[in-house]
Structure formats: C-alpha cells, structure tokens
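Biologist: I've got this one open and would like to go through it with you, piece by piece. Shall we have a look?

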Amino acid sequence: MANYWYFSPTGDGWDNLAQDEWFLDHLKPEDFMLYFYVNANAVIIGKNQNPWRECSLDAMERDGVQLVRRITGGGAVFHDQGNLNFSFITGQDRYDLEAQQEIILQAVRSFGIPCERSGRNDLLAGGKKFSGCAFAGRGPLRQHHGTLLLSADLGRLQRYLNPDPRKLQAKGVASVRARVTNLCAFAPQLTTQAMEAAVRAAAEAAMGPFEPFVPTPEVVAQWAPYREKQASWDWRLGKTPDFDLSLSTRFPWGGVELLFTLKHVTVASVAVYSDAMDTELTQAIATRLTGCPLNSRALHDALAAADNPQLQDVADFLLEQRL
C-alpha cells in the first residue's frame, strides 16, 4: 500500500484529463493517488453535456480555447492558469469523500481563509463557491476530482459558457460570476505552487507520507491513446442529431434536454443531455424512451416503472407536456 502524488507538467487539458483517466484504470486499488494539474486555457464539460448548447464555441475557437470533456458528470467550467485542479484516486476501501474534502478545506484554511462544505459537491469561502467536484468509478477504483479557483479570470468564464438561466434563477443570482470567488480575494499572495504544497501537506497529515509518482516510458506510451480520445472530435463534440422534437427543463439535481427523432409517431431514438452528476442517467432515459409512442402517458410510464427518483421527475415533466 502506497501513497503517491503527481503534478502534471503540461498545461494541456487533453493531456491532463487523459492522465486522470489512466490513473483510474491502472492504479492498484490498495494505493492512493493525489494528482494535480493546470489547464492553461480550456472549457471542461461534463460527460453527458451538449457542447453546442452549453458553450460559446465560436468564441472559444476565436480565442484558442480547448474544449475538453471529462468522464464525470456535472456542468461546464472554464479553466486557466488561475485554477489548480486535483484528483483523489484510490480503491473503494480507502476512498472517503468527506476526508478528502477535509484535506482541501484544511489546505485552504492554512492560508487564513475561512471555508466550508456545501452539499456533496461544492466548497465555499465568504458564501461563494471556490471549488466544485465530480465523481467516477471503474471496477474497484474510485475518483473524486475538482478545481480550486485561485486567481482565475472570471470574466472569461462568462465569455465562453452559456449557463441555463433557470439554474441561475434557482440559486437567486444574476450570473455565473456572481456566485463564484477566487481564493486570492482572501489571500492576495496565494500561488498555485503554494496551494499544491498545502494540499499535499494536509494529505500527509491525514494519511501519512506521500512519494512522487515518476512515469516510466512505458506509462507515457500508455497515456497516448487516452490523449487521442480526449482530442478526438467524436469524444469532445460528437454529432448533434437531426431531431423532430426538443424538450428541456431543469430539476434541483440538474438540467435535462431531450431531442426526439420520430418515426410513425413513435420514438425512433432520443438524444439525452444533462449536467446531472449521475453519468448513467442519460443512457437510462434513452433506453426506456426508445420505441415508445409519442404520448405523454406512455413516456411517463416507461420512466416511472424504473422506481428511480430522478427518472420519476423526468416522467412527471413529460406527463405535463400533454403530447
């Protein structure tokens, strides 16, 4: 059993998320990895989001901003050199979300910044969010990764994202920028290097010594196909299908967009996009709705039969549409 840390030397989002996924596939379950990286200029979207809807793709192309899709759920975020990203990866027996979040909080508090946990995903300072996180699991391994806003350009964050106004209204704020904060607002001299060192120190205080992970040439070669996937058009953008009916709404747990393709008044296929944290939700919706008559009661019943609270919410929404 060993504890490792690794700070990616590249600012390339495709490299960094490729390595993040590789660790999830290859780390020994008894080991623990604390992985750090900085994405120099990128928009990171959740696994099941529609980039055509969530992002200002023209502005991103004009300004040379990478589009990066992570393997976890949740919403879109902008990363620049003012963000420090972290990832905790280990086997399910050592995985402890509360303890891992406490490591981040202790690191932030070491700079005299009062902070707190908000729900399962967010960390707050001064009532505003400075960190969000998402989760994944493969076999016996678990991943909890997120970002720390240190000195990010919050104006650029607004420039490249198209937030759902229903989400902002639910939070009682007027913009993405209004509900987030940089930690440098509380500790002006804070640097990426200092925060990374503080997180490692907090992790060692909680878990014992960490040793640096040194990638061998064989490991670097294994990273290559992961990077190819991250950079590919199919993974990042895919193809928004032609569709006959579009429905979208937002629930407390996330937004859902449904693009129905119809044949003889039956659902031939449905593309489902969501910023929900559950990465399996969109496939569950699509599977259950495909082949149903385009009828609100039939669509409702197909989802309600699953006995899943989130699917029940979508079912009730579809029933309200009176199709």
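Modeller: First, some ground rules: two strands pair if DSSP finds at least two bridges between them, and helices (H or I, at least four residues) and strands (E, at least two) are DSSP runs, numbered from the N terminus. It's a predicted model, where local features need pLDDT of at least 70 and side-chain atom pairs count only at pLDDT 80 or more, while totals for chains, interfaces and linings use all residues. Residues are numbered from 1 along each chain as its sequence is written, and side-chain values use heavy atoms, with hydrogens and water left out.

Biologist: OK, there's an open sheet of three strands with mixed pairing; what is its order?

Modeller: Start from the edges: S4 (66-69) and S5 (77-80) each have a single partner strand, so one side of each has no neighbour in the sheet. S3 (residues 41-45) pairs with S4 in the parallel sense over four bridges, and with S5 in the antiparallel sense, also over four bridges. That gives the order S4-S3-S5.

Biologist: Which residue of S4 stands opposite Ile-44?

Modeller: Let's follow the pairings out from S3. On the S5 side, Asn-41 has Asp-80 as its bridge partner, and Ile-44 stands opposite Val-77. Over in S4, the residue opposite Ile-44 is Val-68.

Biologist: Moving to helix H1 (residues 13-26), which residue caps its N-terminal end?

Modeller: H1 is largely enclosed by the rest of the structure, because eleven of its 14 residues are buried. Among them are Trp-14, Leu-17, Trp-22 and Phe-23. At the N-terminal end, a side-chain oxygen lies 2.9 Å from the backbone nitrogen of Trp-14, and the capping residue that supplies it is Asp-12.

Biologist: What is the bridge partner of Leu-124 in S9?

Modeller: Leu-124 belongs to S8 (residues 122-125), where it points the way Asp-122 does, while Leu-123 and Ala-125 point the other way, and all are buried. S8 pairs in the antiparallel sense with S7 (residues 116-118) over three bridges, where Glu-116 has Leu-124 as its partner. S8 also pairs with S9 (residues 128-138), antiparallel over four bridges. There, the partner of Leu-124 is Lys-129.

Biologist: Last one: which residue takes a positive phi in the hairpin of S8 and S9?

Modeller: In the S7 and S8 hairpin, three residues lie between the strands, and Gly-119 in the turn has a positive phi of about 65°. The hairpin of S8 and S9 has two residues between its strands, and there the positive phi, near 60°, belongs to Gly-126.

Definitions and conventions
Buried means under 20% relative accessible area, exposed over 50%, partly exposed in between (1.4 Å probe, protein chains only). A polar contact is a pair of N or O atoms within 3.5 Å; within protein, one must be able to donate a hydrogen and the other to accept it, and residues adjacent in sequence count only if both atoms are side-chain atoms.
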